[in-house]
Amino acid sequence: MILNEDSANCYYADKVGFETYEMGDFIGSVARGGVVNYQKITLTPHGNGTHTECYGHLSADNSANIYNCLKEYMFVCHLVTLPVHQQGEDQLVTLQDLKNNMLQQMPEAVIIRTTPNTPDKLTRQYSGSNPPYLEASIGKFLADHKVKHLLVDLPSVDREVDGGKLLCHRAFWQHPEKTRKDSTITELVYVNSTVPDGLYLLNLQVISLWSDASPSKPIIYPLSKI
């Protein structure tokens, strides 16, 4: 997902901002006559485009940040496509559907792609729309099966407004009882429908920020049996 002013946005975050530096005679824009481009970029990781977060999202511990929690970046992952079910005012991805489509032996990472899967996910403005989310039991199920990295094409694994419960986040990280400090959740990914379900090598690229979340660029490569 390209991170720009038109990127998918959620939780009422301001759009990504790009500001040209101007200091005296210096203009940080070649288009405006400067010798180099020099910009200030402002963004909100949890609200602007694809982002990866650690348990620090729920913790007051300043050391609980993506820099300390994510030390490896290559994982075998399972891409699985699941439907969204209407339940009253909510739209849910269910644990039963996940169980029906998971491999017998789960890899370290799981990517959940939801249907319908249309390209407007790249630019959709989710704030205030009560978008789809995961049943909280999915978090515990994946934690119980040692899945360390969960990726979804939704703005959050939890309901947009849930009174601060964040049940799926907490169940996946097992926080605060037995916190899985090396596990991450990545939200607002997009996987084109032409990419088939199956096993892939995941390269989970993040910025080394002293923050609970970072803009990220997950890339997957198909795996084949030799």
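Guide: Start with Cys77, which is buried, with a relative accessible area of 0%. Keep in mind that this is a predicted model. What is the closest cysteine sulfur to that of Cys77? The sulfur in Cys168 is, at 18 Å, and that is too far for a bond. Now turn to Cys168. Cys168 is buried too, with a relative accessible area of 0%. Its sulfur has its closest cysteine sulfur in Cys10, 15 Å away, again too far for a bond. A disulfide is a covalent bond between the sulfur atoms of two cysteines. The cut-off for one here is 2.5 Å between the sulfurs. A search of the whole structure finds 0 disulfides.

Next, look at the largest nonpolar core, a set of 41 residues. Leu98, Ile112, Leu134, Leu142 and Leu150 touch the most other members. Several elements give two or more residues to this core, among them strand S6 (74-83), helix H3 (136-144) and helix H4 (167-173). Strand S6 supplies the largest share, 5 residues. In general, nonpolar side chains tend to be buried together in soluble globular proteins.

Take Leu150 as an example. Leaving aside neighbours within four places in sequence, Leu150 is in contact with residues including Ile112, Leu134, Leu142 and Phe172.

Tyr38 sits in the loop between strand S3 (26-27) and strand S4 (39-42). Tyr38 is partly exposed, with a relative accessible area of 40%, whereas Cys77 is buried.

Key: Residues numbered from 1 in each chain as written. Predicted model: local features only at pLDDT ≥ 70, side-chain atom pairs only at ≥ 80, totals over all residues. Heavy atoms only, no water. Core = buried A, V, L, I, M, F, W, Y, C linked by side-chain atoms within 4.5 Å. Buried < 20%, exposed > 50% of the residue type's maximum accessible area, 1.4 Å probe, protein only. Helix = DSSP H or I, 4+ residues; strand = E, 2+ residues; numbered from the N terminus. Contact = heavy atoms within 4.5 Å.
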